[in-house]
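I opened my notebook next to the viewer today. Here is what I looked up, entry by entry.

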Amino acid sequence: MIKVKNIKLLGILLAILVIFLGIRSLFTQTITNDSIASAIILVLIGIAYIVIVAKPQWVKAVFFFEGIIIGISGYMLLAIPYNYLLGIIGLVIVVIAILAYLQKLPMSILKYFYR
């Protein structure tokens with residue numbers, strides 16, 4: 001049986017891999033707005049997971065700022081159909097984080113924000 005510490009370690013290794021893939025895309029491709037947006041999003045998702053593993057009580061704050069970053073970087077850097085999509089996804093993430101702060105979500109979802 002896998003222990004919880006091993007699962008957290010595997011999660012941190014996955015987060016480091018995601019950060020590496022985000023940074024690597026800037027060096028292996030020509031730098032475009034698409035590669036910059038995907039690098040920003042991948043690196044921030046990796047950093048957010050590491051922060052959440054280290055400090056589980058910060059889940060709501062990290063989720064809130066991830067929504068802001070995904071929404072803004074997607075909306076500002078990507079082309080027309082994708083910028084609206086990522087802007088809406090970022091807005092939805094921010095609304096979920098705010099509802100988690102206010103404890104207005106169903107208990108089945110709220111349990112992930114309060115550990």
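Entry 1, Tyr75. I started with Tyr75, which counts as partly exposed because its relative accessibility is 44%. For the cut-offs, buried means under 20% relative accessible area, exposed means over 50%, and partly exposed is in between, with a 1.4 Å probe and protein chains only. Tyr75 sits in helix H3. I noted that helices (H or I, at least four residues) and strands (E, at least two) are DSSP runs, numbered from the N terminus.

A note on what I'm looking at. This is a predicted model, where local features need pLDDT of at least 70 and side-chain atom pairs count only at pLDDT 80 or more, while totals for chains, interfaces and linings use all residues. Residues are numbered from 1 along each chain as its sequence is written, and side-chain values use heavy atoms, with hydrogens and water left out.

Which residues make the nonpolar surface patch with Tyr75? I found Ile72, Tyr75, Met76, Ile80, Tyr84, Ile88 and Val92, and together they make about 760 Å². Patch residues have over 30% relative accessible area and no salt bridge; like charges are joined within 9 Å, and nonpolar side chains (Val, Leu, Ile, Met, Phe, Trp, Tyr) within 5 Å. A salt bridge is a side-chain nitrogen of Lys or Arg within 4 Å of a carboxyl oxygen of Asp or Glu. The areas come from the Shrake-Rupley method with a 1.4 Å probe, and for residues only the protein chains shown count as cover. Helix H3 (59-77) and H4 each give at least two residues to the patch, with H4 supplying the largest share, 4 residues.

Is Ser73 buried or exposed? Ser73 counts as buried because its relative accessibility is 8%. Ser73 is also in helix H3. I saw its side chain reach the backbone oxygen of Ile69 at 2.7 Å. Not counting residues up to four places away in sequence, Ser73 touches Ala37, Ile40, Ile41 and Leu78; contact means heavy atoms within 4.5 Å.

I then looked up the largest nonpolar core and got 8 residues: Ala48, Ile52, Val59, Val62, Ala100, Leu105, Leu110 and Phe113. Such a core is a set of buried Ala, Val, Leu, Ile, Met, Phe, Trp, Tyr and Cys residues joined through side-chain atoms within 4.5 Å. Helix H2 (33-54) and H3 are the elements that give two or more residues to this core. A second, separate core has 6 residues, including Ala37, Ile41, Leu78 and Leu86. Back at Val59, I skipped neighbours within four places in sequence and found contacts with Ile52, Tyr112 and Phe113.

Where is Gln103? I found Gln103 in the loop between helix H4 (80-101) and helix H5 (107-110). Its phi is near 60 degrees, a positive value in a residue other than glycine. Gln103 counts as partly exposed because its relative accessibility is 48%.

I counted 5 helices and 0 strands. The C-alpha trace spans about 40 × 35 × 20 Å along its principal axes. Of the 115 residues, 30% count as buried. The protein exposes about 8,000 Å², and carbon and sulfur atoms supply 76% of that. Among contacts with a separation of 6 or more, 55% come from residues 24 or more positions apart.

Conventions. Polar contact = N/O pair within 3.5 Å; in protein donor to acceptor, adjacent residues only side chain to side chain.
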